Amino acid sequence: MQEFSTNTVRQRLRFEYWCEVISDQFVDLDFTCNAQGQFYGSLAAHPLGVHSLLLVKSTSQRVIRTLDRKAGGTEDFYVLNYLVEGQGHTAQNGNLHPVSAGEFFMFDLTSPAELDLVGDFTILTLSLPRTLVDRHVARAQCLCAIPVSTARPGPGRVATEMLQSLARNCRQLTEGDAQPLIEGLVRVTAAAYGAMAPSPSNLATAQSILLTRIRDYILSHLGEEDLSPCRIAAAHGVSERCLNKLFESEESTLSRWIWSQRLEESRRMLSNVNFVDRTIKEIAYGCGFKDMSHFSCAFKTQFGSNPRQYRGKQLLPC
Amino acid sequence: MPTFSTDAVAKSRRFDYWREVVSSNLISVTIDRDTCGTFFGSLLSCEIGSNRLLHVRSTSQCVTRTGPRVSQDRKNLYLLNYLAVGRGCTSQHGNFHDLAPGDFFIHDSSSTGTLQMVGDFEMLTLTLSRSLVDRYFARAQYQCSAPLSVEGSAAGRVAADMLQSLARNCLQMPGESFETVVESLVGIVGMAYGLQDSPCRGASTPHSALLMRIRNYILAHLGDEDLSPGRIAAEHRISGRYLSKLFESERTTVSKWIWTQRLDASGRALLLPEFAESRVNEVAYACGFNDMSHFSFSFRKRFGCTPRQYRGRALPARNPPRVAPGF
């Protein structure tokens with residue numbers, strides 16, 4: 001864990017120190033100080049495997065992330081931010097939104113973003129790999145910078161309470177423990193986006209919300225072999241044609257997406273030591289596959305080795 | 001959302017009222033009580049889609065799901081329980097465990113079991129479908145009634161916070177979101193259970209790791225009618241004496257444990273659509289029984305009705321599950 005605080009720094013050097021520390025240790029950012037009175041800032045960073053969880057307490061400032069100054073290796077991430085205290089504005093992809101305490105929002109680290117906070121604030125930030133977010137949130141870039149309120153009970157509130165619990169417990173979490181927790185958190189966050197009421201004026205956001213909801217439905221029903229486009233369309237009150245069209249603009253077709261998620265699910269079970277008692281056949285059927293030879297073949301194409309070899313390799317170090 | 005409380009009931013009638021509420025509105029259980037102090041109980045039941053979440057506050061009592069009760073409502077679910085406050089003990093599938101505040105534990109409603117609470121307690125109970133549990137728990141059957149303490153598991157603490165958050169937020173939550181949160185939660189709890197059991201972690205003793213392997217072996221071979229203590233011992237390269245000793249520590253014998261597991265397996269199989277076309281004796285053979293009269297007799301003893309009657313009582317389809325504290 002890394003901790004920094006401006007407490008021991010002289011007042012007039014504080015802001016400079018703050019900018020330096022963050023740009024040096026984390027991401028290269030542009031800061032503008034808006035503080036009327038004294039400046040202060042403290043930061044605690046916990047690495048959790050590929051993720052890192054940051055708790056920042058500070059006061060009025062404007063932070064801009066510009067693309068050309070981006071530090072290497074961060075482009076594959078989104079960040080989930082939860083504003084515990086404070087208020088201000090977020091901006092990304094041309095969307096400018098007011099944000100206040102109790103709201104969460106995502107930023108996409110591949111495009112410029114801006115966060116302008118007024119007054120004292122506390123913010124929790126968790127970095128999330130792109131592949132994980134993309135599995136659950138459809139077209140996440142359309143949802144970036146949009147704040148989600150947790151004022152009313154619902155999945156959003158569960159997500160932020162989970163994030164806070166994660167922050168309280170992160171010192172004791174190993175990388176292996178953290179992975180399923182963060183995956184769970186992303187699922188719940190996706191559910192919160194899915195439950196959002198889309199504004200009719202913004203078509204891209206509305207589509208992204210609907211697709212997120214559809215993905216969630218598919219992921220919950222992967223194990224059922226009768227999960228068909230027809231059933232998915234009916235469950236969401238859209239036509240099959242419309243459903244296919246929605247997926248058309250994605251990188252793959254609907255059935256290919258289902259197929260790849262089933263493979264991913266089987267991979268999860270095959271690489272988990274707790275499932276060693278289950279046969280490969282049981283796992284494949286449990287993930288909704290009907291044809292074993294088809295499954296083995298697809299698994300090999302996707303992951304480079306057949307299910308049996310893959311499992312052997314994954315469980316070997318134990 | 002139904003809420004029940006004994007507050008408005010005269011003290012002398014409270015326990016009867018509680019029994020009535022739990023047994024008539026929820027899952028079929030027997031509730032007893034051996035102390036005579038003032039009784040109280042409150043129950044908040046939140047029903048969303050096919051799931052149900054219960055929040056119970058009450059005091060000393062013994063909740064038993066007996067064989068006849070199982071056959072009465074034939075709920076085929078798992079129940080994930082979190083004991084927020086209070087102490088007690090639980091048993092199911094031949095496992096006995098003490099419960100302390102901050103313990104998660106699972107019960108299988110298709111099987112008999114007991115939950116004994118001592119003193120005031122507060123508990124959250126969430127119903128889970130069998131298919132969901134099977135996706136995230138490697139061996140839920142073995143893990144029934146075994147507690148997962150949040151003391152020793154940071155992941156468990158996050159899961160407990162999540163369940164409590166879900167309980168606070170469930171009322172206004174749309175059904176799909178609720179199911180998603182439940183699924184994420186099951187993933188996390190399943191993982192935490194796995195880490196607790198995992199022989200790789202060194203958390204469990206060699207003794208319990210071996211016992212776990214043996215039980216899994218038995219559960220996987222229930223259908224073989226020649227599954228004998230001798231064969232099990234040979235398969236695990238231990239003596240018959242040592243095998244009996246392992247089960248002694250669980251207050252049962254190998255053959256008794258196999259017998260109970262076979263009976264429970266036959267009870268479950270009778271309710272499965274895969275076996276809907278099979279005759280009762282076919283189901284019994286599939287579960288490793290070879291003597292039909294012996295099977296019928298013990299089935300009756302455990303479930304309080306014949307296998308045919310057990311199967312015959314049709315369940316209303318897709319009703320939200322009814323559950324009682326812990327079950």
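Q: In this predicted model, what distance separates the centres of domain 1 of chain B and domain 2 of chain B?

A: Taken over C-alpha atoms, the two centres are 26 Å apart. The assignment puts domain 1 of chain B at 3–201 and domain 2 at 206–312.

Q: How many residues does the contact take from each domain?

A: Domain 1 of chain B puts in 16 residues, and domain 2 of chain B puts in 19 residues.

Q: Which elements supply the side of domain 1 of chain B that touches domain 2 of chain B?

A: Look for α2 (67–73), β7 (95–99) and α4 (140–143) of chain B, each with at least two residues there. The most comes from α2(B), which gives four residues. By residue type, that side of domain 1 has five nonpolar, eight polar and three charged residues.

Q: Now for helices. What describes two packed helices?

A: The angle between their axes and the distance between the axes.

Q: Is the crossing left-handed or right-handed, and which residues make the contact?

A: α4(A) passes α5(A) in a left-handed crossing. From α4(A) come A:A190, A:A191, A:Y193 and A:G194, and these meet A:I209, A:T212, A:R213 and A:D216 of α5(A). The residues of this contact split into four nonpolar, two polar and two charged.

Conventions: Residues are numbered from 1 along each chain as its sequence is written. Chains are lettered from A and ligands numbered from 1 in the order in which they are written. This is a predicted model: local features need pLDDT of at least 70, side-chain atom pairs count only at pLDDT 80 or more; totals for chains, interfaces and linings use all residues. A crossing is left-handed if the near helix is turned anticlockwise from the far one by less than a right angle, and right-handed if clockwise. Two residues are in contact if their C-beta atoms, placed from the backbone, lie within 7 Å. Ala, Val, Leu, Ile, Met, Phe, Trp, Tyr, Cys and Pro count as nonpolar, Asp, Glu, Lys and Arg as charged, and the others, Gly among them, as polar. Domain bounds come from an automatic or database domain assignment.
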